[in-house]
Amino acid sequence: MKFVLEAKWVFFGSQCFAVGSTEYVIEPATDVKFPKELTVPGCLDSLILLGTGYREKVFAIIGVKVYASGFYANYSIRELSESWKGKSADDVLKDSSVFISIFHAPFAKSLKIMLVRDVDGKTFWNALNDVISPRIKEPTAVDESALSNFRNTFQGRDLNKGTLILLTWIEPSKMLVSISSDGFPSNIDAEIESVNVTSSLFDAFFGESPVSPTLKASVSNGLLAVLN
């Protein structure tokens, strides 16, 4: 991963002063920058970046990158470090219990997605639903309501290149959705309340068949880095 340090400048008359800096990680396949710390709507604490990756879809045998993603978690994730202490990144990647423990841990986790091509909301939702619904064998009324709410959040939207989507797991059964095509999201567009739906989406990214293998592999390395 490439790291970038961007200074923030303030001008007083003709003089310019550096007053702070933001450190970024560049996802190499898309060149999308992800800040190493992030505060998301609905979560007061800063979250730290654990890894980045991208989602690719195949059209007529040609792989097309759809979005870049970064996974963030509360600093409290260090308290789970014993779960992977002494393991290699490959061990963590293959150990489903590590990611299951992260999902069930009582701290916020967030997936930041930036589109790198235009996608309409219906297509984006269908891609999410294709990985969520098969993981819910017998959906309850609560699950159906949550899926409907989730679907309606994306229906009718034009998700242009550069659109940001935040999927934030506040707790295992509650996920916040924030979408913005004009800068970083500042509002919560939907609250998804169903542990089956929220866990299925998490498993789609960090289970045995992840939709973005690059993201899961990068996060596996990031988990080891929090021990340092």
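These legends go with a handful of close-up views of the structure above. The model is predicted, so local features are limited to pLDDT of at least 70 and side-chain atom pairs to pLDDT 80 or more, while totals for chains, interfaces and linings use all residues. Residues are numbered from 1 along each chain as its sequence is written, and side-chain values use heavy atoms, with hydrogens and water left out.

**View 1. The largest nonpolar core holds 52 residues.** A nonpolar core here is a set of buried Ala, Val, Leu, Ile, Met, Phe, Trp, Tyr and Cys residues joined through side-chain atoms within 4.5 Å. Buried means under 20% relative accessible area, exposed means over 50%, and partly exposed is in between (1.4 Å probe, protein chains only). Phe71, Trp84, Ile102, Phe124, Phe150, Phe154 and Leu223 have the most contacts inside this core. Helix α5 (residues 195-206) gives it the largest share, 6 residues. Helices (H or I, at least four residues) and strands (E, at least two) are DSSP runs, numbered from the N terminus. There's also a second, separate core of 13 residues, with Val32, Phe34, Leu47 and Leu49 among them.

**View 2. Phe150 and Phe154 pair up within helix α4 (residues 141-154).** They sit 4 residues apart, about one turn of the helix, and both are buried. Their rings are tilted, at 5.9 Å centre to centre with 45° between the planes. Rings of Phe, Tyr and Trp (its six-membered ring) pair if their centres lie within 6.5 Å; planes under 30 degrees apart count as stacked, over 60 as edge-to-face and the rest as tilted. The structure has 11 aromatic pairs, and one aromatic cluster is made of Phe71, Phe99, Phe103, Trp169, Phe202, Phe205 and Phe206.

**View 3. Two lysines sit over aromatic rings, Lys33 over Tyr24 and Lys109 over Phe107.** The charged end of Lys33 is 4.9 Å from the ring centre of Tyr24. For Lys109 and Phe107, that distance to the ring centre is 5.2 Å. The cut-off: NZ of Lys or CZ of Arg must be within 6 Å of the ring centre and within 35 degrees of the ring normal.

**View 4. Helix α6 spans residues 213-225.** Its 13 residues reach 19 Å from first C-alpha to last, close to the expected 18 Å; the expected span is 1.5 Å times one less than the number of residues. Among the buried residues of α6 are Leu215, Val219, Leu223 and Leu224, along with Lys216.

**View 5. Strand β12 (residues 190-193) has one covered face and one uncovered face.** Ala190 and Ile192 are on the covered face, Glu191 and Glu193 on the uncovered one. Strand β11 (residues 174-180) runs antiparallel to β12, joined by 4 bridges, where two strands pair if DSSP finds at least two bridges between them. Leu176 stands opposite Glu191.

View 6. Ser110, in strand β7 (residues 109-115), counts as buried because its relative accessible area is 0%. Thr163 lies in the loop between β9 (158-159) and β10 (164-171), and counts as buried because its relative accessibility is 1%.
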